[in-house]
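Please look through the structure below before reading on. The report then takes it one region at a time.

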Amino acid sequence: MKPYFDIPHSSSKTRARRGVLSCAHGVVQTPAFVTVGTKATVKALTPEDLTLTGTQYIFVNTYHMVLAPGENVVQQAGGVHTFSHMNVPIITDSGGFQVFSLGKHLGVEEQDWNEKQKPTGVKISEDGVQFRSHIDGKKVLFTPEFSISAQKKIGADFIVAFDEDILNKASEKYTKESTERTHLWAQRSLAEFERKDDAPSHRQRMYGVIHGGRFEDLRKWSAQTIAEMPFECLALGGVSVGIENKELREEVSWVSDVLHTDQRPRHLLGISTLPDVIFGVKKGFDTFDCVLPTRYARMGRLYDADYHSLDRFEKPQRDVDFTLDIMAKKYKSDMGPISEYCECHVCKTYSRAYLHHLFSQRELLGYRLATIHNLYWIEQFFGNIRKSIEGGKM
Ligand SMILES: [Zn+2]
């Protein structure tokens, strides 16, 4: 039988791997970008538009789907693929990230709270997390059992064990307690996953999530503990939550040191820059989700950098440096394509002047065309990473 994750090429220079991740709704060539489709839609695009972008893999948020329309509605529709018509591999997260982003104070000493860290009614216990819905104020309790049962009903190809996201400012004591809790929740997530109730007709596979915050011994202990559990895929969590580039890279390196010979697919949850993607690939991570390409598109920030030369992306820098601002006056009568480096449908068909016009008039088509361009560009960027590994250059 074909393995669900095959690694045809491994780099001899770095820990980079060129893999193929398979599931019921298709295959993902890795390293791969995971496009964010929070509420079972990639904002501004139809599923048909996605075929113009080369999107391979979509990330849907369990928290948002539970609050609206509700996991039972998605199940009645036959699962998220049928409901949304997005017929590509889909992953749902555990809901932990959104739940904990409502409780930004958790684990941080009161004198270190900033404006955003006032208690918001999020209550955490061994059982799970209670919070109020941002939609109607109703109390909701997320437990490992609830998260996994909801993810079975939503029916993505890949799901994620319930975890607690920790702020990097959290104390060592809190980080240790929280990581222990995540490990217990990982076991409960596996037990719930084993139960046949509510499972979709296709095979799902589950990611275990590694935490441990800012502390090397805790990160390595968490990597070992989660890797020993019977998860089919592994994810690194909590690295991008308000932390500096240097810290992110240290945490990725520590976990890579523990996992680098493990053959399971590895996901880096919530990466923030393209230089960090290249760093993560070299440390053996296979898939990366990020809201930036789609968010930038809706802000009129369009990628305009040569994705063929990856050296350009090595040095730590912000992604905004790889984009142009289509609202700038100089594009008002620029009849050239959005980016001379891009061969997407939008660059082949429309001018900077037209996109400038759509954005300055807040025409809805602007968001759609900009999103197609940014997603195509990022897929080409990842395509070049794959070629680079195959060619022995990375
Ligand atoms: Zn383009």
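## Two residues with positive phi

Asp198 is found in the loop between helix 7 (172-194) and strand 11 (205-210). The model is predicted. Asp198 is not a glycine, yet its phi is positive, about 65°. Is Asp198 buried, partly exposed or exposed? Its relative accessibility is 32%.

Ala44 lies in the loop between strand 4 and helix 1 (47-50). Its relative accessibility is 38%, so Ala44 counts as partly exposed.

## Helix 6 against helix 7

Helix 7 has a packing partner. Helix 6 (residues 144-154) packs with helix 7 at an angle of about 40°. Their axes are 8 Å apart. That angle makes helix 6 oblique to helix 7. The crossing of helix 6 past helix 7 is right-handed.

Which residues meet here? Helix 6 supplies Pro144, Glu145, Ile148, Ser149 and Lys152. Helix 7 supplies Trp185, Arg188, Ser189, Glu192 and Phe193. An α-helix has 3.6 residues a turn, so residues three or four places apart point the same way.

Cys344 and His373 link distant parts of the chain, 29 residues apart. Cys344 sits in the loop between strand 16 (323-325) and helix 12 (345-349). His373 sits in helix 14 (residues 364-390). Cys344 is buried, and His373 is buried too.

## Helix 13 against helix 14

Helix 14 also meets helix 13 (residues 352-360). How do their axes run? They come within 7 Å and cross at roughly 130°. Helix 13 and helix 14 are therefore oblique to each other. Their crossing is left-handed.

From helix 13, the contact uses Tyr354, Leu355, Leu358 and Phe359. From helix 14, it uses Leu365, Gly366, Tyr367, Leu369 and Ala370.

Helix 10 (residues 274-282) is mostly covered. How many of its nine residues are buried? Eight are. These are Leu274, Pro275, Asp276, Val277, Ile278, Phe279, Gly280 and Val281. The buried residues of helix 10 pack against helix 9 (245-259) and helix 14, among others. Their partners also include strand 13 (266-268), strand 14 and strand 15.

Now take helix 11 (residues 292-299). Its buried residues are Leu292, Pro293, Thr294, Tyr296 and Ala297. Which elements do they pack against? The strands are strand 4 (32-36), strand 14 (287-290), strand 15 (301-303) and strand 16. The helices are helix 13 and helix 14. Gly300 follows helix 11, and its phi is positive, near 80°.

## Two cis peptide bonds

The peptide bond from Thr30 to Pro31 is cis. Its omega is near 0°. Where is Pro31? Pro31 is in the loop between strand 3 (26-30) and strand 4.

The peptide bond from Ala68 to Pro69 is cis as well, with omega near 5°. Pro69 lies in the loop between helix 2 (62-67) and helix 3 (71-76).

## Ser101 and Gly70

Ser101 lies in helix 5 (residues 96-101). Its relative accessible area is 29%, so Ser101 is partly exposed. How are Ser101 and Gly70 placed? They are 31 residues apart along the chain. Their C-alpha atoms are separated by 20 Å.

Technical notes
Residues are numbered from 1 along each chain as its sequence is written. This is a predicted model: local features need pLDDT of at least 70, side-chain atom pairs count only at pLDDT 80 or more; totals for chains, interfaces and linings use all residues. Side-chain values use heavy atoms; hydrogens and water are left out. Helices (H or I, at least four residues) and strands (E, at least two) are DSSP runs, numbered from the N terminus. Buried means under 20% relative accessible area, exposed over 50%, partly exposed in between (1.4 Å probe, protein chains only). Axes are lines fitted to C-alpha atoms, for helices over the stretch in contact, and angles run from 0 to 180 degrees between N-to-C directions. Angles under 35 degrees count as roughly parallel, over 145 as roughly antiparallel, 65 to 115 as roughly perpendicular and the rest as oblique. A crossing is left-handed if the near helix is turned anticlockwise from the far one by less than a right angle, and right-handed if clockwise. Contact means heavy atoms within 4.5 Å.
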